Amino acid sequence: NEELILMCRDIGEYISMQSENTEYGDAFELKIGEFKPEYVGKINLYLEALDREMKKDNENPSVGVILCVSKDDEVVEFALSPSLSPTMVSEYNLKLIDKKLLQKKLKEYIELAGTVSDEE
């Protein structure tokens, strides 16, 4: 809806102009559809980058605004609530075991399984 997009853009520009003389940064996200919880994570990334890389020591933390066509208040509340469960991020690598070593271990397992069944 072109009219809605223009209206949201105008609102974002107005807020941005109002905040130019204040001591905080801002980040705007314009979404065409309904609010999704992942929008919060994305804007928090932007805000953290602004605060770490651009904010001066005497400035307040940056402010984020997400403009959506619609929202479910309960979903927004859950998305904006601080997490009570710790979340961690790690990396993993996919690495296949050497084919010859795998064949050797498989052969040992089969032999061991045969030995165990003979003892029963």
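Q: How many residues apart are Glu108 and Lys105 in helix H4?
A: Helices (H or I, at least four residues) and strands (E, at least two) are DSSP runs, numbered from the N terminus. Glu108 and Lys105 are three residues apart in helix H4 (residues 99–119), so about one helical turn separates them. This is a predicted model, in which local features need pLDDT of at least 70 and side-chain atom pairs count only at pLDDT 80 or more, while totals for chains, interfaces and linings use all residues. Residues are numbered from 1 along each chain as its sequence is written, and side-chain values use heavy atoms, with hydrogens and water left out.

Q: What does Glu108 form with Lys105?
A: Side chains of opposite charge can pair when their charged atoms come close. A salt bridge is a side-chain nitrogen of Lys or Arg within 4 Å of a carboxyl oxygen of Asp or Glu. Glu108 and Lys105 form such a bridge, with 3.8 Å between the closest N and O atoms.

Q: How many salt bridges does the structure hold?
A: There are three salt bridges. Another joins Arg52 to Glu48, whose closest N and O atoms are 2.8 Å apart; both residues lie in helix H2, four residues apart, about one turn of the helix. Asp73 and Lys71 also meet through their side chains, at 2.5 Å from N to O.

Q: Is Arg52 buried or exposed?
A: Buried means under 20% relative accessible area, exposed over 50%, and partly exposed in between (1.4 Å probe, protein chains only). Arg52 is exposed because its relative accessible area is 64%, whereas Glu48, at 40%, is partly exposed. Glu108 is partly exposed at 35%, and Lys105 is partly exposed at 45%. Asp73 and Lys71 are both exposed.

Q: How many aromatic pairs are counted?
A: Rings of Phe, Tyr and Trp (its six-membered ring) pair if their centres lie within 6.5 Å; planes under 30 degrees apart count as stacked, over 60 as edge-to-face and the rest as tilted. The count is one aromatic pair. The ring centres of Phe35 and Tyr39 are 6.0 Å apart and their planes stand at 85°, so the pair is edge-to-face. Phe35 and Tyr39 are both buried.
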